[in-house]
Structures are given as structure tokens and as C-alpha cells.
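Here is a short briefing on one protein model. Please read it alongside the sequence and the coordinates.

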Amino acid sequence: MKRFAWILLCLCFLLMVAGGARSACGQASGPQAGQFGPSTGKAQSPPPPATYSLTQERRAKAIAYSRSLYILYFVGTLVSIGINLFLLLGGIAARFRDWARRASQRHFVQCLIFVPLFLAAATLLSLPLEFYSGYVLEHRFGLSTQGLVAWFGDWGISLGIGVALGVFVVWIFYWVVRRSPRRWWFYFWLTSIPLVLGYILIEPYVIDPLYYRFTPLEQTQPALVGRIEGMMNHAGIKVPPERIFEMNASSRTKAVDAYVTGLGASKRVVVWDTTLKTMGPDELLLILGHETGHYVLHHIPKEFALDEGVALLIFFLGFIAANRLLGTVGPRGGVEGASDIASLPLMLVVLTLMVFFSAPLVNAISRHYEHQADQFGLEVAYGVVPNPNAAEVESLQILGNEDLADPDPNPFIQFWLYTHPPLEDRIRFAASYHPWAEGKPLELLPSRQ
Ligand SMILES: [Zn+2]
């Protein structure tokens, strides 16, 4: 996953995109691919181990890495709030606003000056933590393949995207606040719908290629695409092969993954090249079965709709909280009111808190869809892959091993942070879900009955 978080924070409403724009999955390749040989007829190969197992050394590493990520999530939220409070109470945002006002009376021109200054300050202040989490930690655990210059190149690109989108969104936000001081939370929420939809639509064309190269999988793995098409035809489903892409993730990481993204014409399945390199063909088919599940079951628009529902609540509660804070803290930072652009850090503090506390709800929705995609993958692979259960267990096992997935996340962390069910649960399900062996109907592919 790319590090969108801070950009999205700065863009207020786009935070919803982080949950809704893509379903990143994490499945992948495997050195032990082929351990479970093809089986025929009723004589199944030995049941795969229904547990996530790592070597002692790998397990210790996975636990240490996961804990660092959890701590960074909570610390990152606090740091973000701290930086915005500093920019507010230190009078820095007010100073940027004064410079912008001196330059022009026009609000858009003021945004053109204020937003880049503000984002540059916030980004520089958060650079140490960004660098630690994005570069130091990834190298320490042997996951990153990216050099220092390339990392800073990506960091610069992210800042550029943040500024370009930020000017536009901040200008719209304050226009709405000026027009409707009492109902801006609702009108801005309404405005956010086409904006976020537009973002999801153009992201695969405009944003993603700034970081990675995408090649139609047909060009690099024609045999695999042929098998995918066969699998889809078998299930009576159409996923055009030109919608399946390979991404050169190996330019930055050793981790394995795949995801679906985009909407309408830009809707697509993306598989990391690291995944393709480390997996056997049956495991890859299970991964693609999972991803096409997101595609066929329309998970992106569904998650978008649910996330927008959460966003409406966030904006309303945020409106109440922001008004309170504007009356108490605002004057200390030289903020003249809600429509004053210098209130941006205060608005971002409120938004950060709202998004933080809504994470369990948004992630629970995501976990539900990820489980559905797992189920879909098994159902669609049945009859195509000799032993879908074994292949799915193997692909998840490899994913956990390569990505250092936590073997034993505590229940609070799962509740708060997990966008997917824990790997142990996914593997147990992968090994035990075989309605075809029990004479039961398939739930997500009823047409095959
Ligand atoms: Zn998924």
C-alpha cells in the first residue's frame, strides 16, 4: 500500500478514500508451492495444516515488525495532532494566512499561497516519523528494496500531489463554509461524493503510474491469464483480461500483495510482480480468485457507499467539535472563525480524531468484504484447481511469511486496525470451507449449482 495517509488527512474528505478506493489484499507466493500435490476424484491429498506456521526466527521477526507498525499507527495519530496544534497555537497558520491576504483579495489566490506553505511545514515536521516508518523500519526488517534517493523521490511526488489536490479541496471547503456557516458539514459532505468518486476513477490513470509501472498481465503471463479466463468462464463470470495488470512492486519492496482499484472504466485487478515471482500457479489462481471476487461483488462501490455514511456522521460531529474549539482554542492561534483559512489545522485535528475513532467501524466493514472475497476465491477455484483448500492455505501461508504478518494479534488490535481477518482465521477458513464436499450449495456462485 502506498502511503496516502498524510495526503488524505490534508485533503480532509479524501481520508474516506483510504478505506474505500481499493481493497488491498495480501495474498501471495510461495517457496513451498507444490507441497500439496494435485488430487483427483474423491481421493483427496492429505488435509493441509489449518494453522499459520512460521519458523522460530521468522515468527519473532513478524511479531516485532507488527508491534512496531501498531505503535507507529497510534504514535502517528498523536504526532499528526501535535503538529497541527503547533501550527495553530504557534500562530504559524495565521501568519501564512496574513501573507496570503496581503498578496490578494481573491480566495483562490490565497489558497494558492496558503496551502503549499502549510503543507510544506506540516510535511517537514512529520518527515522524521515518515522516514522512520517508511524507510528505516522497512529496511531493518528486510522488506524494502528502495534506495534513499528513490524514497525521497516518492516523498516529493506525494508532497506534489498533496499540494495540487490540497489547493483545490481547501478552496472548495472554505467556499462552502462561507456560503453556509451552519450547514457546511452537510454541503461539504455532499460535495465530497463527486470529488471522491472522481478521485477513485482517475487514480489508476493519474496517481498510481507516478509511482509504479503497470503492464497488462496478458503480456507477461499469457498462460496464467489463459487459466484465469478458464476459471472465470467455468464460473460464468466475465472479467476482461485487459483489466488484469502486473505492477512492478519489486522496485520498492519484497512484500507480496494484490488489489483491486478504480471504478467504472478504470476498475481493475492489480497483482504485484513479487507475488507472481514467489507463487506456484495454483496459489496464484487462488489470489486472483480473491481479487476478482472484490471486482465481481462490486466491493469498491459498496465500501465507498458505507464509508460515505460514516463520513456524514464524522462531518456532523466534527462540525460540533470544531465550533466548540473555534470558540476556545481558535482565538489563541489568531483564528477569526470557521471561514478563516487559518482554522485549517484546527479542522484537521478534529478530523484526525474523528477518523481515528471511526477506524473500528470502517475496518469491520472491510474485514467483512475480505472474508467474502476469500470465500469467493475458493468457490470460483473449485473445479479448476485440483485442491482449492490446499492452494489457498498455501498462498496465505506464503503471504504471511513474506510480509511478516502477525501470527498472534491481540483482540483490541484486530478490532481497531485490522482491514482483513487475522491470517490464522483466514487459513482456518481456507482449510475448512468445502461445501462441494458436503453437498451444500455455493453461496456466492449460485449459478454453478
Ligand atoms: Zn482482498
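Leu404 sits in the loop between helix H14 (388-403) and helix H15 (411-417). Helices (H or I, at least four residues) and strands (E, at least two) are DSSP runs, numbered from the N terminus. The model is predicted: local features need pLDDT of at least 70, side-chain atom pairs count only at pLDDT 80 or more, and totals for chains, interfaces and linings use all residues. Residues are numbered from 1 along each chain as its sequence is written, and side-chain values use heavy atoms, with hydrogens and water left out.

**Positive phi in loops**
- Leu404 is not a glycine, yet its phi is positive, near 60 degrees.
- Leu404 is buried, at a relative accessible area of 2%. Buried means under 20% relative accessible area, exposed over 50%, and partly exposed in between (1.4 Å probe, protein chains only).
- His298 also has a positive phi, about 55 degrees, without being a glycine.
- The loop that holds His298 runs between helix H11 (281-296) and helix H12 (299-328).
- His298 counts as partly exposed because its relative accessibility is 42%.

- The axes of H13 (residues 344-381) and H16 (residues 423-432) come within 10 Å and cross at roughly 30 degrees. H13 is therefore roughly parallel to H16.
- Axes are lines fitted to C-alpha atoms, for helices over the stretch in contact, and angles run from 0 to 180 degrees between N-to-C directions.
- Angles under 35 degrees count as roughly parallel, over 145 as roughly antiparallel, 65 to 115 as roughly perpendicular, and the rest as oblique.
- H13 and H16 make a right-handed crossing. A crossing is right-handed if the near helix is turned clockwise from the far one by less than a right angle, and left-handed if anticlockwise.
- On H13, His371, Asp374, Gln375 and Leu378 make the contact; on H16, Arg426, Phe429 and Ala430 do. Contact means heavy atoms within 4.5 Å.
- By class, this contact has three nonpolar, two polar and two charged residues. Ala, Val, Leu, Ile, Met, Phe, Trp, Tyr, Cys and Pro count as nonpolar, Asp, Glu, Lys and Arg as charged, and the others, Gly among them, as polar.

**H6 against H7**
- The axes of H6 (residues 148-179) and H7 (residues 184-206) come within 9 Å and cross at roughly 155 degrees. That makes H6 roughly antiparallel to H7.
- This crossing is right-handed.
- H6 contributes Leu165, Phe168, Val169, Ile172, Phe173, Val176 and Val177 to the contact, and H7 contributes Trp184, Tyr187, Phe188, Thr191, Leu195 and Tyr199.
- The contact of H6 with H7 has 12 nonpolar residues, one polar and no charged ones.

**Overall make-up**
- The protein has 17 helices and five strands.
- Of its 449 residues, 57% are buried.

**Confidence**
- Mean pLDDT (the predictor's confidence in each residue, from 0 to 100) is 87 for the protein, and 88% of the residues score at least 70.
- Where pLDDT is low, the predicted coordinates should not be read in detail.
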